[in-house]
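Here is a short report on sheet layout and helix packing. Start with the structure below.

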Amino acid sequence: MTDVLWAAGNTTNYNRIFKAQFGSVFARDYGNAATALLPTFTPFTSDGLAIDFARLATLGFINLGSCSSNGIKFNPKFTTSEVDVWQTRMPVRSDVETDQDSLTVEFMEATAAVDAIYNDTPLTGRPADGSIGYNIVKAGVTPLFPRQIIVIGVDQQAGVEEYSAVTYAMAKRDKATGQSWDPKNPVMSAYDPVSYIDPFSGLARIFSRGGPGWVNSGGTTGAVGTPVAAAQSGDKATLTFTPPQTGSGAYTYTVQETTGGNTTAVSSGNVTVTSSSSNSVVLTVSGLTTGSAYTFTVTATSTTNGSAATSAPSNSITATS
């Protein structure tokens, strides 16, 4: 057995330290089965690279605007009950008694949406910002008005964004925190929702990660599209394919050729990236033999973590001089 010093064996990745430097809070009224979320729900685009603002707006989520520099404080409540017996001084059984999450946020903008959140009235049908005769009216009996809440924290290192998100499938206000009106400080509208189980989806809380910083940090390189081969004069061929849409950032490409029943790796000097975009890559392969039939596969290798994926074989082409 070979001893390994800590400095050599340490796998710490300081780039994975996350700070919620910025963020946004979104809310919509809870609508029973109509708003039930699937376990696969995410506030990010399908490729995981961006916040899907358009889809959130379509779903009725409202961006509640500026929050205090205190950010978001999550307040989990987790308790267990233990069973003790005479024969030992250690518990012999432990069961979860309480498992609930809540958060605290202070909104700073004077908008109808923030007023509705603070006064626990519906977001749907609220008066328009700037409307004449604006009033928020609370009934004599105050209901606990349920919402769905999304909190997105944003980190940024070297211009690369990364996101963490918490979604409450159903949330109700836990307590009321008073406002302070004075000439020195902005008026804060505090909100303290507690997560509950949505009886229609069975979900309480969804945690998500996304953004280029997350996608490029690791994971398995996604599938490479099947290359389309085309013979070119000068004993060359072009290979056009879709690059991986998930995985680990930038890629290098290698090519394997099959001719006469033999498969070999094409020398890197005979492979040129002719064009590259997020949707299509074109490689030019040279050094073929006139009159020989070829098929090709392409392997994409992540420059971030070395994970790789290989395409299915291309169509067959015959090299021409």
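Helix α3, residues 112-119, lies across β6 and β9. The helix runs at about 55 degrees to β9. Axes are lines fitted to C-alpha atoms, for helices over the stretch in contact (heavy atoms within 4.5 Å). Angles run from 0 to 180 degrees between N-to-C directions. Helices (H or I, at least four residues) and strands (E, at least two) are DSSP runs, numbered from the N terminus.

This is a predicted model: local features need pLDDT of at least 70, side-chain atom pairs count only at pLDDT 80 or more, and totals for chains, interfaces and linings use all residues. Residues are numbered from 1 along each chain as its sequence is written, and side-chain values use heavy atoms, with hydrogens and water left out.

## The three-stranded sheet

β6 and β9 belong to an open sheet of 3 strands, ordered β3-β6-β9. The pairing is antiparallel; two strands pair if DSSP finds at least two bridges between them. The edge strands are β3 (73-74) and β9 (189-191), and each pairs on one side only.

How many bridges join β3 to β6? There are 2, and β6 covers residues 103-107. K73 stands opposite T104 in β6.

## The four-stranded sheet

Another open sheet has 4 strands in the order β12-β13-β17-β16, again with antiparallel pairing. Its edges are β12 (228-232) and β16 (271-276), each pairing on one side only. Neighbouring strands here are turned by 20 degrees against each other on average, direction ignored.

β16 runs antiparallel to β17 (residues 281-285), and 5 bridges join them. In this pair, V273 stands opposite L283 of β17.
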